[in-house]
Structures are given as structure tokens and as C-alpha cells.
Amino acid sequence: MELSRRFGRLAGACVLIALAIVFFFAVSTKQVDAHTPVTSKYNYNRDVFPLLQNHCGRCHVTGGPAPMSLMTYDAAMAWAESIRDELATGRMPPWPVDPTSPPVEGGHPISSHDVDEIIVWAAGGTPQGNLEAKLPEVTFDQHWQLGPPDLKIQMDTEHTVAPNVIEEVSDFSLPTNLTDAKWVKAADLMPENASIVRDAVISIENGPVLALWEPGNEMTTAPSGAAFRMASGSKVHLEIHYKKHFDQEEKALSDRSTIGLYFTDPPPSDREMQSLAITPPGAAGDPTASMNFGGALPNAGRIVALRPMLDRAYESLNVDAITPSGMSVPLLRLHGPRPQWFQRYWLQEPVELASGSKIVVTVMPLPDYSDEPPATRQFALQVALDYIPL
């Protein structure tokens with residue numbers, strides 16, 4: 001009888017051990033199946049972090065304007081699939097100037113090698129690398145890029161984006177209190193609440209555009225001899241696009257941004273910069289067809305900058321000048337421009353054109369819009385040229 005009881009206890013223990021072994025291997029198998037196998041030769045700490053810091057660290061940092069930080073391994077790994085998709089489609093980082101374009105000032109293009117390296121890491125199991133590695137802490141650095149402004153103009157009062165309002169565009173008219181005329185070579189914006197200020201247009205009220213502002217863009221002054229004249233008593237028109245992050249939608253958030261203006265000496269010719277706006281004629285046509293439209297330069301001028309504003313995303317946008325002699329002069333080449341990312345492109349080498357030169361804009365639509373996120377802030381299609389009359 002005693003032998004029988006001992007045998008029963010032994011048999012029961014063996015069954016429990018067998019069940020535990022089966023459970024262990026089942027869980028282990030599920031854990032292996034739940035993770036992408038590591039195939040990437042690149043890891044975050046050694047290879048990917050420096051690239052993300054250089055190309056994305058202006059915005060994708062805690063406290064910055066982007067909805068997520070990518071400056072730690074855990075944060076970047078959680079967004080690996082999105083990182084891969086945004087890079088593969090060319091939506092990020094937002095610098096659409098094609099390598100074949102005449103050079104422009106500023107910008108932070110990313111090489112195809114760097115793109116491939118990040119994509120291989122994101123699709124290849126996202127290895128972290130040396131766990132003992134100490135990466136530098138990246139913090140949100142908000143400052144006046146061109147140094148202290150000559151004139152600061154703060155919004156009169158705080159503007160509040162109400163709870164459950166995700167996105168809105170608001171206009172503000174701000175007095176400069178200038179008693180003498182000034183020449184403006186640059187304008188910048190310092191958001192009080194950087195997390196919701198998506199972009200801004202800064203203009204002299206009823207006058208020229210001083211700056212197209214977006215977080216992360218490098219600010220550039222007008223080239224020597226180029227400036228906008230601001231009369232005494234002028235007002236500045238500020239148009240701000242507010243957009244909340246996904247975790248802010250139910251909150252009321254306020255902002256009281258400050259404009260910074262940079263003055264310069266009067267141009268030698270005492271001629272202020274002019275703008276020529278070129279728009280397609282009539283109603284929009286087939287959105288899948290390429291389109292050419294243009295205009296004529298009213299007088300001789302030195303082209304110093306171009307400002308494309310888009311109604312939707314495009315595969316490419318090219319701007320060329322045709323001189324009276326028939327010579328074609330390239331001015332700008334953009335690849336994959338999108339309406340949510342706009343800026344003024346200052347030419348490194350201004351282009352002098354004779355009176356009557358024609359400006360031709362060629363836009364090529366995307367072959368497929370199915371993966372394109374909707375742009376809630378759109379403009380009528382237009383390309384503006386900033387030039388100094390000669």
C-alpha cells in the first residue's frame with residue numbers, strides 16, 4: 001500500500017514537470033514569434049542615434065514640436081514602423097530640394113546611405129547595441145537662430161486652442177510702433193508653446209511676406225542688397241497654424257508667440273524687394289496630369305528667392321526661366337514637395353534676368369495618393385519669386 005502511494009506521488013510529480021516543460025516551450029515559442037528576428041547589422045546606439053539626432057533632433061525631442069521623441073532607444077523603437085514608412089516614402093525629413101537643383105541656402109538634406117541605414121535598422125529587428133553605451137541627452141533647444149532680434153513683437157494676449165479643437169489657423173495684427181522706416185532682412189518666431197505651433201506666415205500688413213516659419217527650419221537672412229522696407233507705423237500680420245499632438249486633444253492649450261525682426265542698412269539702390277506670384281490659369285484640371293503654367297517678369301531683376309505654396313502633394317516641382325534669347329535657366333527643383341511643409345528657398349547664387357523673361361512652373365502629380373496623409377492646411381497652387389528690380 002505504501003509503495004503504491006509513493007508511486008502515485010512520483011507519477012503526479014512527473015506529470016506536473018512535463019506540463020511545466022510544455023508550457024515553457026510554448027511560451028518561448030510565442031515570444032520568439034512575437035518579435036522580428038534581428039537581421040540588421042546596424043544598431044541604435046552606435047549607428048542610428050547619431051543620424052536621428054542630426055536629422056530629426058530639432059523637432060523629435062521631448063518638449064519639441066513633433067508629437068514624439070526619437071532621442072532614446074525605447075522611444076525610437078516604438079515608432080520604428082512609422083520611421084521606416086516616412087523615410088521610404090520621402091515624407092521625412094521635410095527637405096524636398098532635389099540634388100540637381102541650383103543650390104539654396106540652409107536646409108538639412110539626408111543622404112540615401114543614411115536613409116538606408118535607418119530603414120535597415122527599423123525593419124531588421126531594431127537592435128539596441130551596447131547596453132553600457134551612454135548616449136548624450138538631447139534637449140529641446142529653442143533660441144533666436146540669428147541672434148537677438150533688433151525688434152521683438154509679442155502677441156498682445158494669449159491665444160487659447162479650446163479643448164477638443166485639434167487644429168486651427170489664427171490671424172493676429174501686431175503694431176510695430178516704429179517711428180522711422182526700417183529695412184528688414186529677416187524675421188523669426190519664438191513660440192511660447194512650441195508643442196502646438198505648427199507653422200506661421202509673417203508679413204507686413206497689406207504688404208510683402210517677411211518669412212515662412214516652420215519648426216526645425218534654418219533661418220536665413222536676405223542676401224546683401226536685398227531687404228523689405230517697413231514704413232513707420234507699420235503693422236505685422238501673423239498667421240499661425242496651431243495643431244495639437246494626439247495626447248493633447250482634450251486639453252485647452254495657450255500660446256503667446258513673439259516675432260523677431262532683423263534690420264539692415266538701406267540697399268545701395270534704395271529699391272525694396274518685389275514679388276511676382278505665378279498661378280495656374282482657370283479651374284484645377286485633372287489631378288493626375290502634369291501641368292505647366294507661367295508668367296513674365298515685368299522688368300529686369302535679380303531673383304533671390306522662391307516661395308512655392310501647394311494645394312496638394314506632388315511628385316516634383318520645377319521652376320525655370322526662359323530669357324528673351326530663348327535660353328533656359330533652372331531656378332529650383334523640388335522632389336516630393338508637400339503642402340504641409342513650406343518655406344522660402346533663398347538661392348545661393350541670385351539669378352539676373354532681363355525684362356520680359358518668362359517663368360515656367362512644371363508640376364508632376366504623385367502616381368498614387370492612397371498612402372498620402374490628408375493635409376488639413378492647404379493653399380491655392382502658387383509659386384512666388386522674390387527679386388530686386390535692376
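Glu 239 touches Val 169, Ser 170, Asp 171, Asp 199, Ala 200, Val 201, Arg 377 and Phe 379, leaving aside residues up to four places away in sequence; a contact means heavy atoms within 4.5 Å. The model is predicted, so local features need pLDDT of at least 70 and side-chain atom pairs count only at pLDDT 80 or more, while totals for chains, interfaces and linings use all residues. Residues are numbered from 1 along each chain as its sequence is written, and side-chain values use heavy atoms, with hydrogens and water left out.

**Setting of Glu 239**
- Glu 239 belongs to strand S8 (residues 235-243); strands (E, at least two residues) and helices (H or I, at least four) are DSSP runs numbered from the N terminus.
- Glu 239 counts as buried because its relative accessibility is 18%, buried being under 20% relative accessible area, exposed over 50% and partly exposed in between (1.4 Å probe, protein chains only).

**The chain as a whole**
- The chain contains 5 helices and 18 strands.
- Of its 390 residues, 46% are buried.
- Among contacts between residues at least 6 apart in sequence, 81% join residues at least 24 apart.

**Cavities**
- On a 1 Å grid over the protein atoms alone, a cavity is a set of points where a 1.4 Å probe fits but cannot get out, whereas a pocket is an open set with protein on both sides within 12 Å along at least five of seven lines; lining residues have an atom within 4 Å of a point.
- The largest cavity is lined by 19 residues, with Glu 218, Met 219, Thr 220, Arg 344 and Trp 346 closest to its centre.
- The second largest cavity has a volume of about 60 Å³, and its lining includes Pro 308, Trp 341 and Tyr 345.

**Pockets**
- The largest pocket has a volume of about 1,200 Å³, and among its 50 lining residues His 60, Pro 67, Glu 86, Met 92 and Trp 341 lie nearest its centre.
- Helix H2 (44-56), helix H4 (80-89), strand S5 (197-204) and S8 each supply at least two residues of that lining.
- The second largest pocket, of about 830 Å³, has 40 lining residues, of which Gly 90, Trp 95, Pro 96, His 335 and Gly 336 lie nearest its centre.
- H4 gives the most to the lining of the second largest pocket, with 3 residues.

Definitions and conventions: Points joined across faces, edges and corners; volume = space filled by probe spheres on them.
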